[in-house]
Amino acid sequence: MGNDRSLVLLQGLLGGLLAGVALTLSGPWWMVPALALLWAASRSSLASAIWGGVAVLVSHRWLLALHPLMWIGVPAWLSLPVAVGIWLACALLAALLLACWSALVNRLPSRGSFTDAVLAAAVWGLVEVALSQSPVFWIGVGGSVLPADPPLAALSRWIGEGGLAALQLLLGWWLWRLLTLSRRESGWPKLLAGGVLSLLVLHGLGAWLLQNPVRLGAESDRAEFSVGLWQPAIPTREKFSAQRQRDLPKRLQAGLQEADAAGADWLMAPEGTLPLHGSLMAPAPIPLMSGGFRWSRGRQHSAMVLVEAGGTTPVSSLDKHRLVPLGEWVPAWPGLSGLSAIGGLEAGEPSRLWRWGGGPPAAVAICYEISNGAALARAVAEGAEWILAAANLDPYPSLLQQQYLALAQLRSLESARPLLSTANTGPTAMIRADGQIAERLAAFDPGLLLVPLQPRKGLTGYVRWGEAPLWLMVGVSSLLLVRSASRSGLRPARPRRRKTPPLDQE
């Protein structure tokens with residue numbers, strides 16, 4: 001008994017390590033074995049919790065780069081404990097979620113059946129979609145596909161990121177069942193053949209989608225634009241110093257002049273570039289789309305703002321909806337206001353559609369709003385013809401930039417829209433509507449990248465029906481389980497084993 005318990009805990013630990021590597025390096029060949037170990041460990045809520053906690057500790061270790069926090073008023077002796085506490089809190093949340101998922105799996109009537117696996121996988125996918133709309137920055141199983149497996153990721157045009165998560169859960173279940181069944185059992189060859197055939201069909205469909213993007217996202221009748229993407233590479237911990245505040249307006253004006261000379265139609269600048277009540281030093285030679293801060297009805301917002309050509313102050317804006325807990329939004333409790341460098345912000349409207357000036361409408365993702373594919377898909381359904389992503393990922397290391405870029409690629413695939421990303425230290429890049437990175441600036445170096453933008457129209461399956469495939473999976477599998485339970489009736493009670501032999505055998 002003790003050996004069994006130790007084995008299942010070890011399965012949870014090893015699976016969590018593999019999952020953390022998958023979310024770091026990308027690739028189903030890491031994630032699917034990790035999920036197979038999760039299915040093996042799912043009979044224990046503790047082992048499943050270990051899987052989730054370890055996966056987040058490995059994949060979200062960039063959170064430790066928050067330290068030192070003295071620049072936002074946190075005492076030196078408290079800085080490292082705060083950073084570690086945030087990291088551990090994320091791992092604890094993952095552990096609790098995995099424990100709940102394990103409890104669901106163990107309450108299903110026929111653990112190990114394909115019908116049970118479909119229901120559990122669909123629930124997982126729906127929870128990932130819900131988490132992507134919550135205050136936490138959640139990098140889930142669905143986002144681990146890119147950049148390693150574009151054909152499999154292309155299926156997100158039909159099923160979204162949540163569907164990709166459910167699909168990988170089912171592949172993990174297949175691998176687990178394949179390893180636990182005896183090769184002499186009659187069902188083993190069918191299970192092997194069915195799984196291999198499914199992998200071939202899924203990758204074939206994905207490859208076809210990548211080769212036929214026009215049918216799902218037809219080019220609009222608009223002309224191609226030339227857009228400048230500016231990467232200032234200013235350390236966040238120095239951004240609010242007097243010297244940086246004097247230097248930034250000059251650099252921004254120089255970036256506008258350089259983009260204009262290069263023939264750009266407009267310039268994009270990253271999140272938080274324009275300060276509160278900020279204005280340009282001189283009239284803008286071309287339109288400027290920039291992250292900045294603004295007041296509205298006595299409340300402060302982080303937003304994307306538009307300064308028109310010939311102007312110096314913003315004339316249009318779209319406020320950030322998802323705010324970073326503690327970093328941007330703080331509860332109104334004594335002593336907590338100092339944890340935000342900008343004093344606390346107010347969330348904007350949920351819609352991510354921005355009809356700015358006379359240009360092509362954009363679906364806007366500011367910072368970790370890039371993880372919310374559902375909101376961007378709604379903006380595309382409402383008329384967005386491209387995706388604008390602006391962020392400031394400093395002081396985090398390149399690991400977060402890689403994860404952010406993978407999510408940006410997934411957003412392009414889901415909606416068949418080109419995506420332009422501009423960030424303080426990176427990633428500053430142009431992603432085509434097929435999810436491929438066309439051009440990118442070197443991370444952590446200042447520069448200007450001039451890229452073409454071809455707005456697109458047309459709706460993908462995911463934009464049209466959202467998470468409906470996952471809900472259909474939940475409904476059909478639940479119905480099959482209910483019918484199976486009603487046919488079998490109550491299970492006969494198991495005879496109790498005698499601890500002592502009968503008298504006539506003594």
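This note walks through a predicted protein model in numbered points.

1. **How to read the model.** Because this is a predicted model, local features need pLDDT of at least 70 and side-chain atom pairs count only at pLDDT 80 or more, while totals for chains, interfaces and linings use all residues. Residues are numbered from 1 along each chain as its sequence is written, and side-chain values use heavy atoms, with hydrogens and water left out.

2. **Confidence.** The average pLDDT (the predictor's confidence in each residue, from 0 to 100) is 88 for the protein, and 89% of the residues score at least 70. Residues 333-339 fall below 50; this stretch has ten contacts (heavy atoms within 4.5 Å) beyond near neighbours in sequence. Residues 490-494 are also below 50, with two such contacts in the model.

3. **The overall build.** The protein has 13 helices and twelve strands; these are DSSP runs numbered from the N terminus, with helices being H or I of at least four residues and strands E of at least two. Of its 506 residues, 52% are buried. Buried means under 20% relative accessible area, exposed over 50%, and partly exposed in between (1.4 Å probe, protein chains only).

4. **The nonpolar cores.** A nonpolar core is a set of buried Ala, Val, Leu, Ile, Met, Phe, Trp, Tyr and Cys residues joined through side-chain atoms within 4.5 Å. Which residues have the most contacts inside the largest nonpolar core? They are M289, W386 and L388, in a core of 101 residues. Apart from it lies another core of 17 residues, including I234 and V305. Leaving out residues up to four places away in sequence, L388 touches M268, M289, M304, W354, A362, A363, V364, A365 and L420.

5. **A residue in a strand: H301.** You will find H301 in strand β4, residues 299-307. With a relative accessible area of 7%, H301 is buried. Among the residues it touches, beyond four places away in sequence, are F293, R294, D319 and E346. H301 and E346 are 45 residues apart along the chain, yet their C-alpha atoms are separated by 5.4 Å.

6. **Another strand residue: P452.** Is P452, with a relative accessible area of 33%, buried or partly exposed? P452 is partly exposed, because 33% falls between the cut-offs of 20% and 50%. It sits in strand β12, residues 447-453, and touches E224, F225, M430 and E439, not counting residues up to four places away in sequence.

7. **Backbone details worth a look.** Most residues other than glycine have a negative phi, and most peptide bonds are trans. The D394 to P395 peptide bond is cis, with omega near 15°; P395 is in the loop between β8 (386-391) and α11 (398-415). Another cis peptide bond joins G426 and P427, with omega about 5°, and P427 is in the loop between β9 (419-423) and β10 (429-431).

8. **Positive phi values.** A233 is not a glycine but has a positive phi of about 55°. It belongs to the loop between β1 (225-231) and α9 (242-261), and is buried, with a relative accessible area of 18%. A416 also has a positive phi, near 55°. Its place is the loop between α11 and β9, where A416 is buried at a relative accessible area of 1%.
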